[in-house]
Amino acid sequence: MLQLEPYGPIGIIAHNANRDFVRAVSDVLYQKRKKRLDNNANPYVHTPGYCRSDYIIDSELIRFQTGEGKYQIEESIRGHDIFIITDVLSHNETLDIFGYKHVLSPDDHYRDLLRIVSTCSGKARRINVIMPFVYEGRQEKRETSNESMDVAAMLKQLYELGVANLIIFDPHDGRIANAVPLMGIDFPKSAYKIISTLLSTFDTFKLDKDKTIVVSPDESGVNRGIFYSSLLNLPLGIFYRDRDYSRKIDGEHPIKNYEYLGDDISGRDVLIIDDMINSGSTMLRTSKILKVHGARDIYCCATFGLFTDGLDTFDEAYEDGVIKSVLCTNLSYHTPDLLERKWYVNVDMIPYVARIIEAINANESVTDLINSTSRITDFLGQMRIGELFDEDEFEDNKNS
Amino acid sequence: MTSVPADEKSYSRYNQYGENPMAPIAPIGLIPLKGSVEFTEKVNYYLTTRRSEYQQEAFVSKYPGFYRQDYRIEVENARFSSGEGKAVIKNTVRGHDLYIISDVMNPSITYKMYGQLNHMSPDDHYQDLKRVILACSGKARRINVIMPFLYESRQHKRNARESLDCAFALEELYNLGVANIITFDAHDERVANAIPLSGFESLPSNYQMIKEMYRQIPDLSFTKGKFMVVSPDEGGIGRAMYYASILGVPLGTFYKRRDYTTVVNGRNPIIAHEFLGDSVEGMDILIVDDMISSGDSMLDIAKAMKERGARKVFCAATFGLFTEGIENFNKAYEAGIFDKVFATNLIYRRPELLEAPWFADVNMCKFVALLIDAINHDASLSNLINPTEKIKKLLKEKGENI
């Protein structure tokens, strides 16, 4: 595996807020390469800088008293293949501006990313950005004519700054790539990891079309629902918003009702799929309706769990037996509170991210890795999911 | 009324008292961002007043939208619960000459993020500015940005492997199609090198400052031997020198003596603050700087001046940030270390600062209104921007012997 020549020594850059995640990615990368070095697995293991115990570039994001900032690198990055890992959703860092408390916002993290990229450019051999949750990903179209198109502006800016590869997980709308037709932009999915975690955590959950159904909570997520249901060979149900098109409130047609389309739910386990849990109201509303229709166990799956309104409503729903479990990835920041919840399962994406970095560094065909459906034909004898995953783990699973 | 004699060039030179025959480029639209609402309200007042002075009815009626009671255009900078945002323009901006006013130094503005109240950082304000430009571009006739405190202006040079934030922000604005970027007392004007092709202006606030000093200090007199201008460090000499020469008074300066044999945190450590200049015994002192950040160095210098026998000590800074609060200034004032601090209303001032007896708020709104009027006429700004003539006139009126 990986017989291709690395493009340059890998250097990973973290923000202050996601250091732990990035540290773990670097450790996994080291373990993989160490193993390869020990086995003399390919001709490139002796390339300078190939195997290092720490790939993280020593650097600092500094904030001034005013809240403005700068970025400073403490070691050379000349000739390196730089991977910047940015989590714009992390809200675990605060700062004091003139005595006012400020929690670092997505804007701050984005400005920090620009600081990092602009400092590296001209020196690094290549700059890649891994931004699992795409900044402003939901501002992807104009509702009214006088609105800002934030995500497109962001993508254009990164492209113009010379970012070679941008990795985004499960974007709200993949058509944002239209903003940068020439950029290397890839959208790996977290579906494989979520499903394998689901199967290994819950014995009662079965990929059986008579026992389980996939549900999309609204019409905009239908494509995601179709993806899961066809790969898992499960039936699909969708909810859509029945709107009153005769009037408008706050620029939107008011929602009259939530209608369900699809197979019978009663007695079935339900997999609700969405790209993100924002406040969680959509997930919970959908769960409650499904429960009324006689659903058995309800599993809520989303790549990103934001829980902007806190966890109380989910606690209640769990205690009332409405939901069985919520699964989200560790690609975005999670409060320590969330990790302690009985109903929450954290899906570990760290080996994945490390694998993507390896693939890009060796100029491996990422498209093939991410999109091929033929590559993976069998998982536990039941699944076909076309996406990139960790080979080592795949081998382990096969052997067990 | 006309202070500038008529000549061949007077058609394009901005006349702040009389008629400006050059056609206005388009109807003005003032867009206040969150945090500059109050400031823009005042600017709008002065702009309406100024435009009501245009006498030639034919001229006024020829240009629709030239004279209006309210030039403001409402913008909503909405925030999602994750802290991301979007900008929505509430009125038409098509064909307008837009002036977007942004105060990045206003942490008093809040929004809800993850259910919690969050105070806005300069990054938040700056991204909001970009959002508004994104929402206007392609529709507005021209976009101008008035950013009194230049975002990241102190990150203007590279000492090590670090980011050049100010230049980068200027390039961003330029690439978004901003025609003019107006700021005040930029920490280092050379940041304009980043955008050699755009209209970048860094304007002084000295005239308004001196005017306010006359208003606040009854026995003010710029007489040689009684008054002295002091620069707090060698970097600010240029600014202080201007005051000293136009007021016709001597200059003193502090400078940082460094130990060049050692390096701490990438810089040579400061051994002492040395003073260069004549005796300050019995003199009134004006300490001039571009901004008061925490204010510690300003107070140190005021103290040093008092120790050397200065009579009264005044401080003038375009931006009074007071990042650490104003408690230490209150104490120093009570101890008689200084008499007055002058700072402009170009940025947010916390309420307790406005109430402090030692603080004088310098109003820049009228100047900004005139500036907008002039830019809208595509008039030559030089005699509006250059305060020398105006200051000389003011000093003459006050009976100064210069």
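Reader: What secondary structure does chain A have in this model?

Author: Chain A has eleven helices and 16 strands. Keep in mind that the model is predicted.

Reader: How much of chain A is buried?

Author: Of the 400 residues in chain A, 45% are buried. As for contacts in chain A between residues at least 6 apart in sequence, 66% of them join residues at least 24 apart.

Reader: Which domains is chain A split into, and where are their centres?

Author: The assignment gives domain 1, covering 10-189 + 352-361, and domain 2, covering 191-348. Taken over C-alpha atoms, the centres of these two domains of chain A are separated by 29 Å.

Reader: How many residues of chain A and chain B are in contact with each other?

Author: 43 residues of chain A are in contact with 42 residues of chain B. Strand S3 (69-73), strand S6 (100-103), H2 and helix H3 (150-160) of chain A each supply at least two residues of the chain A side. H2(A) gives the most, with nine residues. By class, the side of chain A that touches chain B has 14 nonpolar, 18 polar and eleven charged residues.

Reader: Why is H2(A) called roughly perpendicular to H3(B)?

Author: Just look at the angle. The axes of helix H2 (residues 106-120) of chain A and helix H3 (residues 122-136) of chain B cross at roughly 85° and come within 8 Å. Angles of 65 to 115 degrees count as roughly perpendicular, so H2(A) is roughly perpendicular to H3(B).

Reader: What residues make that contact?

Author: H2(A) uses A:Asp107, A:Asp108, A:Tyr110 and A:Arg111, while H3(B) uses B:Asp123, B:Asp124 and B:Gln127. In terms of class, that's one nonpolar, one polar and five charged residues.

Reader: Where is B:Leu33, and which residues does it touch?

Author: B:Leu33 sits in the loop between strand S1 (28-32) and helix H1 (37-52) of chain B. Beyond its neighbours within four places in sequence, the contacts of B:Leu33 include B:Asn77, B:Ile100, B:His125 and B:Val132. B:Tyr126 is 93 residues away from B:Leu33 in sequence, with 9.9 Å from C-alpha to C-alpha.

Reader: Why is B:Val362 called buried?

Author: B:Val362 has 22 other C-beta atoms within 10 Å, and 20 or more is what the term requires. B:Val362 belongs to strand S17 (residues 359-362) of chain B. Its C-alpha atom is separated by 6.3 Å from that of B:Glu212, 150 residues apart along the chain. B:Glu212 is also one of the contacts of B:Val362, as are B:Met209 and B:Phe342.

Reader: What makes the backbone of B:Tyr114 and B:Phe322 worth a look?

Author: B:Tyr114 has a positive phi of about 50° although it is not a glycine, and B:Phe322 has a positive phi of about 50° without being a glycine either. B:Tyr114 is in the loop between strand S5 (110-113) and strand S6 (116-119) of chain B. B:Phe322 is in the loop between strand S15 (313-320) and helix H8 (327-334) of chain B.

Reader: How do you know whether B:Tyr114 and B:Phe322 are buried or partly exposed?

Author: B:Tyr114 has 18 other C-beta atoms within 10 Å. Buried needs 20 or more and exposed 12 or fewer, so B:Tyr114 is partly exposed. B:Phe322 has 24 C-beta neighbours inside 10 Å and therefore counts as buried.

Methods:
Residues are numbered from 1 along each chain as its sequence is written. Chains are lettered from A and ligands numbered from 1 in the order in which they are written. This is a predicted model: local features need pLDDT of at least 70, side-chain atom pairs count only at pLDDT 80 or more; totals for chains, interfaces and linings use all residues. Domain bounds come from an automatic or database domain assignment. Axes are lines fitted to C-alpha atoms, for helices over the stretch in contact, and angles run from 0 to 180 degrees between N-to-C directions. Helices (H or I, at least four residues) and strands (E, at least two) are DSSP runs, numbered from the N terminus. Angles under 35 degrees count as roughly parallel, over 145 as roughly antiparallel, 65 to 115 as roughly perpendicular and the rest as oblique. Two residues are in contact if their C-beta atoms, placed from the backbone, lie within 7 Å. Ala, Val, Leu, Ile, Met, Phe, Trp, Tyr, Cys and Pro count as nonpolar, Asp, Glu, Lys and Arg as charged, and the others, Gly among them, as polar.
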